[in-house]
Amino acid sequence: MDALPGLAFTPAVGDHAFSAKQRALLAQANELGRERFAPRAAQWDEEASFPFANYEDLRNAGFLKLCVPESAGGLGADYATYMMVAAEIGRFCGATALTYNMHICSTMWTGVLADGIPMTETQRAEHAQRRALHFRRVVQDGAVYAQPFSEGSAAAAGRAPFGTTARKVEGGWLVNGRKIFASLSGAADYYGVLCTEDKGDEKPDARDTLYLAVPATSPGFAISGDWNPLGMRGTVSRNLSFKDVFVSDDEQLMPRGVYFKGAQTWPAMFFTLAPTYLGVANAAYDFTVQYLRGEVPGEPPVKRRMYPTKQVAVAQMRIQLEQMRSIFLRSVLEARPNPSKDERMRLYAAQYTVMEGANDIARLAIRTCGGQSMMKHLPLERLYRDSRCGSLMLPWTAELVLDRMGRETLYEAGEKDE
Ligand SMILES: Cc1cc2nc3c(=O)[nH]c(=O)nc-3n(C[C@H](O)[C@H](O)[C@H](O)COP(=O)(O)OP(=O)(O)OC[C@H]3O[C@@H](n4cnc5c(N)ncnc54)[C@H](O)[C@@H]3O)c2cc1C
């Protein structure tokens, strides 16, 4: 692909008038990805093991603190910059990008996103004090945070309170419950758990959602279950259980009730899984071009580019990739608290377009390159499997996005049929 002024490559998000900081971070992500992550990607996939070596590289590059504000010792990347960098990482290792998202969100939601969520002065002061602890852990100790929300119920889809509960006790909370699909299980130092405040006899209410960091060493905390999925195998997303796990008040990642407001105020917080898959789509496209030109390292230099059907397929892939990049970038750049209805619809459309499009491009890539391209020593079949996982991520699965868009188009807030 063409280079942009100041960059020796076209980023996965496409070209754009990047800031100097974005260009520097993208260049660093591209180098890390190309030189370190891509050569290791097959190993995590084959073993379904966590990419610890990549995390060491991310830590050394300062990328674990990417979204920690500069005032707290971080790199101070905003939402858009993170989304651009994440897509670049996803281009080289999907599992690394997806798990990196879980970690980064723990700092971004508590950081720049929380700044745009309404809070009382007391809550704001409490939050400032508590997030300083989490930022310090990431900046000074290189700590990694996971983000286990899913429970196998309607909760992660935003349709019911979380079944995992936290009961107020002296100095902190007692957490009980279970999470499934916890990426970074066994690799994270802290698990940012969403749970519902247990208020005794009162009916559980999603407005009482708490966001607590559970240290991996907590008594009563356990990891269980096998992990042998189709794709994104390096995420190691096993089950977690919490049996009377005590966490201190300081482990609150957001003040009581603020997560619920945040989810309503900042819908783009749920779009952060998409860049991984935009990266995967770029990788499938890049591979196809290289393969048809007979330029894949280690493969016979057989050219297949002269067949018109292949040229058409590559054009189709590029058209879809450009559509994905355009709507992705627009949604990322306009993301803000309380978006307009059009912005929200576009955000849903962007999520759907990227998640389904990544799998479309990977499917076309295999069909176009042909049988020899899907051998295990080449990345394409892994990209194909990884790309299938994007539409399954709650709360914005492809199905739920369609559901929301249809409903929110036909019904204004509060409208009901008689
Ligand atoms: C590789 C990978 C990594 C993951 N990592 C994490 C992680 O780190 N943290 C985390 O919290 N989760 C994670 N998840 C979980 C993910 O977000 C979903 O929770 C999970 O895929 C849901 O699986 P399920 O079978 O329980 O879905 P179900 O809840 O059974 O839903 C199945 C499908 O039904 C639809 N559906 C669900 N609820 C409704 C509803 N109320 N109305 C209409 N349709 C509905 C959706 O389209 C959904 O895809 C990960 C998933 C994958 C594949």
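How many residues surround the ligand, and which of them are the closest? In this predicted model, 24 residues surround the ligand, and the closest are F149, S150, F181, S183 and E399. The chain is assigned three domains, namely domain 1 (20-144), domain 2 (146-259) and domain 3 (266-410), and the shell around the ligand draws at least three residues from each of domain 2 and domain 3.

**The shell around the ligand**

- Strand β3 (172-182) and helix α11 (398-410) each supply at least two residues of the shell, and α11 gives the most, with 3 residues.
- By residue class, the shell around the ligand divides into 14 nonpolar, 7 polar and 3 charged residues.

**Domain 2 and domain 3**

- The C-alpha centres of domain 2 and domain 3 lie 31 Å apart, while 7 residues of domain 2 are in contact with 7 residues of domain 3.
- On the side of domain 2 that touches domain 3, the residues divide into 4 nonpolar, 3 polar and no charged.
- An unreviewed UniProt entry lists "domain: Acyl-CoA oxidase/dehydrogenase middle" at residues 164-245; over these residues the model is 0% helix and 52% strand, and the end C-alpha atoms are 11 Å apart.
- The unreviewed UniProt entry also places "domain: Acyl-CoA dehydrogenase/oxidase C-terminal" at residues 272-391, a span that in the model is 69% helix and 0% strand, with its end C-alpha atoms 13 Å apart.

**Strand pairing around β2**

- Strands β2 and β3 run antiparallel and are joined by 5 bridges, and one of the pairings across them sets R167 against its bridge partner L174 in β3.
- The hairpin formed by β2 and β3 has 2 residues between the strands, and G171 in this hairpin takes a positive phi near 80 degrees.
- Strand β2 also pairs with β4 (residues 190-197), here in the parallel sense and over 2 bridges, with T165 standing opposite T196 in β4.

**A covered helix, α10**

- Helix α10 (residues 380-387) is mostly covered, with 6 of its 8 residues buried.
- The buried residues of α10 are L380, R382, L383, Y384, D386 and S387, a set that includes the charged residues R382 and D386.
- What covers these buried residues includes the helices α1 (20-47), α4 (94-115), α7 (274-292) and α9 (341-369).

Note on methods
Residues numbered from 1 in each chain as written. Predicted model: local features only at pLDDT ≥ 70, side-chain atom pairs only at ≥ 80, totals over all residues. Near = placed C-beta within 6 Å. Helix = DSSP H or I, 4+ residues; strand = E, 2+ residues; numbered from the N terminus. Domains from an automatic or database assignment. Buried ≥ 20, exposed ≤ 12 C-beta atoms within 10 Å, placed from the backbone. Contact = placed C-beta atoms within 7 Å. UniProt positions renumbered as here; feature names shortened; annotations may be inferred. Pairing = 2+ DSSP bridges.
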